[in-house]
Structures are given as C-alpha cells and as structure tokens.
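Work through the exercises below with the sequence and the model open. Each task is followed by its solution in steps.

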Amino acid sequence: MPNTLAALFSFQDDSDLIERLKRREPQAMADVYDRFGKLAFSVILAIVKDDEIAQDLLREAFVKVWNRVHGFNRGRGSLGTWILAIARNRAIDYLRSTRSEPSQNNSTAEILEEPRFFADLEPEYHNTERILTIREALSSRLNESQRHILELAYFEGLSLSEMTARIQAPPGAIKTEVRTALRLLRDEF
C-alpha cells in the first residue's frame, strides 16, 4: 500500500502530458504507462486477484485512457486519479460480468463511486513519512467493520444492496459506517 499511495500522492503538473496525449503522441502514452502502470495494475490486481486477468484489464484500461483522453476534466481531479478510476471501474465491471447472479442495485454506494477522497488530499502529501501516517490511520483509526466495508465498496465494487446481503446489515448502517470511516480519515489529515 505505501507504494500505491506514494505514487498517487506524488503530485505533478500533468498539463504537458495531457496535451501530448490529446495530440496522440505515442511516447506520451508510454510515459503515462511508465508513471501509472504499476499503480493501476496493483489496484486491478487487488480487485480481481488474478495476475493474468489483471494484466488484460490493465491493457484495456490504458486503451480506454488513450481513447477518452479528450474527455478528461482536470477540474474533477488529477490525471493519476482519473486513470486509477478507469482501472478500478474496469476491474469492477469485470467482476460484475462474471457474477452468477445479476445485482438488483448496480450502483455502488454513492460516496465511494470515485476515489475523490484521495483526489482531495493529493496536493498535500509529498513525502513518504506522511504516506506512512495514512497507512497507519487506515489500520488504527478504523475499526474492522469500517475497513471491511470500505474494502468491499472500493476493491470489490459491491453495491449497497450487495454489501447488505454479504454482511447481513441494513443499508442505513452500512452508509453510516462508510460516512464515519471517511470522516475519521479526513479528520486525521
């Protein structure tokens, strides 16, 4: 996790890289892959838990980045956050497509749909020491239930109704746990 957070929080101005991507420069795509490939792979692998599938999904995610870079909105977050959202969503789409039962509610808990929590913090964290503090906060500030619910929503992409069925808790309780967990993490930082 420290390497993932370090890459996400190493804020850089991506304006030039974004413009090069929009001009369809192959080297720009290579630079993006070099910078974010391992990070995106680790997010996908954490979700699908299969190396070969994760590699395929990573390629698909970067094709999507290449094809949709003109729709990138810098006002909604950094290039890295956008790429991670694409990678995460591709992995979750894969999991949903392989489930035997279709979900009754296909929307993820609205407060976890995009990694906005990380995007808001990104410019503030430049060093490894701070990243270690984040890791420690995740393990010490959150109780097991809060960590579990965040993992189900973020890494497994479960919808609220799927989390309700999996952990046998009412939707209101799950939403409360998510809000409390995110508030605790935000208060820590």
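**Exercise 1.** Determine whether Arg24 is buried, partly exposed or exposed, and describe its backbone.

Solution. Step 1: the relative accessible area of Arg24 is 34%. Step 2: apply the classes, which are buried under 20% relative accessible area, exposed over 50% and partly exposed in between, with a 1.4 Å probe and protein chains only. Arg24 is therefore partly exposed. Step 3: phi of Arg24 is positive, about 65°, although the residue is not a glycine. Step 4: Arg24 lies in the loop between α2 (15–22) and α3 (26–48).

The model is predicted, so local features need pLDDT of at least 70 and side-chain atom pairs count only at pLDDT 80 or more, while totals for chains, interfaces and linings use all residues. Residues are numbered from 1 along each chain as its sequence is written, and side-chain values use heavy atoms, with hydrogens and water left out.

**Exercise 2.** Describe how α4 and α5 pack.

Solution. Step 1: helices here are DSSP runs of H or I with at least four residues, and strands are runs of E with at least two, numbered from the N terminus. Step 2: α4 (residues 51–68) and α5 (residues 79–98) pack at an angle of about 130°, with axes 9 Å apart. The axes are lines fitted to C-alpha atoms over the stretch in contact, and angles run from 0 to 180 degrees between N-to-C directions. Step 3: angles under 35 degrees are roughly parallel, over 145 roughly antiparallel, 65 to 115 roughly perpendicular and the rest oblique; α4 and α5 are therefore oblique to each other. Step 4: contact means heavy atoms within 4.5 Å. From α4 the contact includes Ile53, Leu57 and Phe62, and from α5 it includes Trp82, Ile86 and Tyr94.

**Exercise 3.** Compare the span of α10 with the expected one, and list its buried residues.

Solution. Step 1: α10 (residues 171–188) has 18 residues. Step 2: the expected span is 1.5 Å times one less than the number of residues. Step 3: from first to last C-alpha α10 reaches 26 Å, close to the 26 Å expected. Step 4: the buried residues of α10 are Ile174, Val178, Thr180, Ala181, Leu182, Leu184 and Leu185.
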